[in-house]
2 protein chains.
Amino acid sequence: MKLTSIIPPQVNLANGSFTAPDVQHKSTLLGSLAGIFADHLAWQAMPAESAVYHVEMLPSCAQEGELFVGTTHLQPGKVGDEFFMTRGHFHQRREQAEFYFGLRGNGLLLLQHQEGDCTLEQVFAGSVHHIPSFTAHRLINTSDEVLSALAVWPTVAGHDYSALQPLGFKLRVFADGTGWKAEAQYE
Amino acid sequence: MKLTSIIPPQVNLANGSFTAPDVQHKSTLLGSLAGIFADHLAWQAMPAESAVYHVEMLPSCAQEGELFVGTTHLQPGKVGDEFFMTRGHFHQRREQAEFYFGLRGNGLLLLQHQEGDCTLEQVFAGSVHHIPSFTAHRLINTSDEVLSALAVWPTVAGHDYSALQPLGFKLRVFADGTGWKAEAQYE
C-alpha cells in the first residue's frame, strides 16, 4: 500500500486547459463544416484550414457508468453574419445526459429537444448547463474572444450528427449590430 | 419557439457555491459521524452539532443516463490528530464513476478500490480527479481553510456506506507537524 500522495491532472479554471501526461486533442477546421452555416458562398470564400474549435480531453474507458471530461475552445468569428459554432449533436445513446461549465468568453448553448423545442442558454464564466437526455446541443460564440466550456459526459453516450440532417438545428444565431439575434429556420 | 436566451444556474469557480432557484443543501454534523474517526474519546468530547461538511447540489432526475452536479465544502479541523473528512462511500451501483474538481483549499482524495488498493490524490484549486468504477472515495481536509470540490456523478449511482463497515477505509490521515502522514489500519 502506498502511503504517499499523487498529483492528479489539472485544469486551468480560467480557460479549461488541461495539464496531464495524456491529454487528447482534436481540432475542427472550417473546411470540414460543409453545410453547417447558412451562407454557403461565404463559407466557401473563407480559408478551409481555419480552426473553428478545438477539444481537449482526458482519456477514459468506454465501459457503462464511466465518464469523460474535456474542454471545447470555440474561436470567435463569423461565416457571413452567422457566428462560429460547433457542429452540434445528439448523443448516440439518447438517454445519456451531460454537463457544461462556462469558463471563458461569452456565447450561447443551443439545446434542441428530440420533440423540437429549442432553448438558448447564456454561456459565461461560471455558467452551469444541464444538457438533459434526448437533447441535441451546440455551442455558439457571440463574442470577440475564445469561448471555453468544460464538459462531463458518459463515455457510452457517443455522438449522432446525422439525426439533425438535412435541416440542421431549428435556430440560427446571427450578428445584430453589436449583439445577436436568433432566427427560426423551420417549424 | 422562444427566440430569447435564458440565464442558467451558476457556480462560483473560486469556491463552488451555486446560484440557482432550487439549490439543495445537506449538512453533516460531527455527532452523526460515530465510528468514523479513530479517536472515539476525542470525538465524544467535541460538540456534536459542529458542521464537518456541507453539500450543495442542483436537482436532477433519477433516470438512467442522467447526471448530478454538486459541491462538497469540508471544514478544517481535527478529531484528535485525525483531519476532518467525509464519511466516504462506494456507489451503490459499483460500475458508476464520478469526477471531482478541486476549487478551494488543500486536501486529499482517498480512493480505495474494491480489491483493496488505495491511492491518495492531492486536492487543490484546479485538480481533476477521476473516481473510477468500483472505487470508494473520501475527501480529507489537511489545511486550515475550507476544502471545496465540485463533483459530477450519475444520478443512478447511489451511495453504499455499509460496504466499508466495520473496518472502514484502510488508510487514515493524521497531522504530522505542519504536514500529514497516512497510516495503514489493516492489510
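How many residue pairs are in polar contact between chain A and chain B, with both at pLDDT 80 or more?

A: This is a predicted model, in which local features need pLDDT of at least 70 and side-chain atom pairs count only at pLDDT 80 or more, while totals for chains, interfaces and linings use all residues. Side-chain values use heavy atoms, with hydrogens and water left out, residues are numbered from 1 along each chain as its sequence is written, and chains are lettered from A in the order in which they are written.

Between chain A and chain B there are 18 residue pairs in polar contact, both residues being at pLDDT 80 or more; a polar contact is a pair of N or O atoms within 3.5 Å, where within protein one must be able to donate a hydrogen and the other to accept it, and residues adjacent in sequence count only if both atoms are side-chain atoms. The count of salt bridges between the two chains, by contrast, is zero, a salt bridge being a side-chain nitrogen of Lys or Arg within 4 Å of a carboxyl oxygen of Asp or Glu. By class, the side of chain A that touches chain B has 32 nonpolar, 15 polar and seven charged residues, with Ala, Val, Leu, Ile, Met, Phe, Trp, Tyr, Cys and Pro counted as nonpolar, Asp, Glu, Lys and Arg as charged, and the others, Gly among them, as polar.

Among the strands that each supply at least two residues of that side are S1 (5–6), S6 (67–74) and S14 (147–154) of chain A, strands being DSSP runs (E, at least two residues) numbered from the N terminus. S1(A) pairs in the parallel sense with strand S11 (residues 118–123) of chain B over two bridges, where pairing requires that DSSP finds at least two bridges, and Ser5(A) stands opposite Leu120(B) there.

Within chain A, S6(A) is largely enclosed by the rest of the structure, because eight of its eight residues are buried, that is, under 20% relative accessible area (1.4 Å probe, protein chains only). Leu67(A), Val69(A), Thr71(A) and His73(A) point one way from S6(A), whereas Phe68(A), Gly70(A), Thr72(A) and Leu74(A) point the other way. S6(A) pairs in the antiparallel sense with strand S5 (residues 51–57) of chain A over five bridges, Thr71(A) being the bridge partner of Glu56(A). S6(A) also pairs with S14(A), again in the antiparallel sense, over eight bridges, and here Leu147(A) is the bridge partner of Leu74(A).

Terms used
Helices (H or I, at least four residues) and strands (E, at least two) are DSSP runs, numbered from the N terminus. Buried means under 20% relative accessible area, exposed over 50%, partly exposed in between (1.4 Å probe, protein chains only).
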